[in-house]
Amino acid sequence: MLAQGMIACAHQDLSTPSIHAHTAQVESRRDDAFRLMTVPSDAVSPTSEALQDPTLRVLSLNCWGLKYISAHRAARLSEIGRQIASLDPPPNIVGLQECWTQADYLAIRDLTSHILPYGKFYHSGIFGGGLVILSQWEIEESSMYRYPLNGRPAAFYRGDWYVGKGGACARIRFGMGRKDVVEVFCTHLHAPYEKEPYDDYLCHRTAQAWEIAKKMRHARERGHVVIGLGDFNMLPLSLAHRLIETHGVVKDVWRLRKPNSALGAWEDGHAGAEEGAACPHVDHCISEHGATCDSQLNTWRWSKTMRKDLGKGRDTVIAPHTADPRAKRLDYVFFSPGEGRAGTWQVTEVRVGMTGRHPELRCSLSDHFSVESVIERVSTSEHVEYEPTEYLPLSIYDEILAMTRKYTARERTQRALRLGHFGFQIAMSVGCLIGVWWSPRNYVAFILMVLSSVGLSVGVLEGLMGGLFVGSEERALREFEWEIVTARKLASKAIDEREKTARGTVSIDDIAVQ
């Protein structure tokens, strides 16, 4: 019975269940899922489909599906499922972020099962990782990698540490060839609560970018097609962005198609603001700069007054030529054709999607828009091969090391302060208990007992965070520092070898001229 239950649960993720809302039909849903697990009734053979249409149509969306917090969560995510199902041509790989609840995942699966018969909901952390991968083709392997550095438990009001952010990995076979495999990496990096370089969590986000870049690099070395997608919470050509493109040996598909797109919001000095250009309008930010976040079109980014008016039925029309100073791109699709296969695939289209509203609620479907890409298989004669740089400039490694060491020193100070606070609270608690013996009144004894209990509780929490969490964080920082130091050594060696080769070539040319 236990084995059957485990099989049924596994097939609920990897097959196409017939989903119903009523709890009384749970068993029949599991039976349907088991019956359909091998070949879904509406699924097309992966091999034949790949031969007929060797095209990857990829979509990534942050759904903003926080339970009890996100407004109209269930209605919005159901509509997201309907919108995905209505796309023409339909996507064959979809990555979702902030899809926190199993109910929302099953609702989307039910609506998209005819075009995306395979899917996986990824479990991580205390409240889940919020990551989902849907596919037209069967998922052969799947794993969830949790980031070693992911916020601090003291920042409970932000929640990054508790949700266990990481990278969802899926290996999908789309054809008959040995290397007709695409490895998909869906992730959601730590949120920036301040602008770089003043963000307290910049070190954590950089370490997360390094981890996901390693995963993509290893997949590329296996000769597989690599797709990395998600809400990376970074700006184009930022430190984390350059790290992913270089160490992961992948390319940002938007910059491949639109290399002159903005590197951030106009109000922050990007999108032409540095040259004194006028603020770009809404349509331009979306079509040219790939703005998926903080757009004027997104109702969740409106002022509180405008949102209240919308809730009362008084809509605000945003004209296409409206200035959009805060719009920026935080969502990405990264791509690599695999090692030794440059020129076999080409990015033919990129666009921002899911910009419409819920047909009844009139709110945006999420606080982000989707990023979508079309990647077609082509012959080498039709496409110029590109060779990504293997290593970052040495100055970038030095910058990462300096940032890591500075953050480590800060955390050590925090650890000493927390442990000191723990000791102080223990002493205060004991002192209050001693004071109870000589208290002149009962209410004084009660106050001392309350102070002792509260102080002891706070002290224990501080001791746990200082003694356990910061110690764990420091060890993860040491590992990250070692990897960066090693990468810097390899980069320095490669640069020296290129310089020696260049000097040798120059010397030979000089001899030939003489």
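The following questions and answers concern a predicted model.

Visitor: Which strands stand at the edges of the open sheet of 6 strands?
Guide: The sheet has mixed pairing, and its strands follow the order β5-β6-β7-β8-β10-β9. A strand with a single partner has one side left without a neighbour in the sheet, so the strands that stand at the edges are β5 (139–146) and β9 (251–252).

Visitor: At about what angle to β10 does helix α8 run?
Guide: Helix α8 comprises residues 239–247 and lies across β9 and β10. Another helix, α7 (residues 202–221), lies across β5, β6, β7, β8 and β10, and runs at about 175 degrees to β7. For α8 and β10, the angle is about 20 degrees.

Visitor: Is S370 buried or exposed?
Guide: S370 lies in strand β12, which spans residues 370–377. Leaving aside neighbours within four places in sequence, S370 is in contact with several residues, among them L59, T292 and M354. The relative accessibility of S370 is 0%, and buried means under 20%. Therefore S370 counts as buried.

Visitor: With the side chain of which residue does the side chain of S370 make a polar contact?
Guide: A polar contact requires a pair of N or O atoms within 3.5 Å. The side chain of S370 has such a pair at 3.0 Å, and the partner is the side chain of E372.

Visitor: What is the form of the peptide bond from D88 to P89, cis or trans?
Guide: Most peptide bonds are trans. P89 lies in the loop between α4 (73–86) and β2 (93–99). The bond from D88 to P89 has omega near 0 degrees, and its form is cis.

Visitor: What is the phi of D294, and how does D294 count, buried or exposed?
Guide: D294 is found in the loop between α10 (282–287) and α11 (304–311). Most residues other than glycine have a negative phi. D294 is not a glycine, yet its phi is positive, at about 65 degrees. At 10% relative accessibility, D294 counts as buried.

Visitor: How does R362 count in terms of relative accessibility?
Guide: R362 lies in the loop between β11 (345–353) and β12. R362 has a positive phi of about 65 degrees and is not a glycine. Its relative accessibility is 37%, so R362 counts as partly exposed.

Technical notes
Residues numbered from 1 in each chain as written. Predicted model: local features only at pLDDT ≥ 70, side-chain atom pairs only at ≥ 80, totals over all residues. Heavy atoms only, no water. Helix = DSSP H or I, 4+ residues; strand = E, 2+ residues; numbered from the N terminus. Buried < 20%, exposed > 50% of the residue type's maximum accessible area, 1.4 Å probe, protein only. Polar contact = N/O pair within 3.5 Å; in protein donor to acceptor, adjacent residues only side chain to side chain. Contact = heavy atoms within 4.5 Å. Pairing = 2+ DSSP bridges. Axes fitted to C-alpha atoms, helices over the stretch in contact; angles between N-to-C directions.
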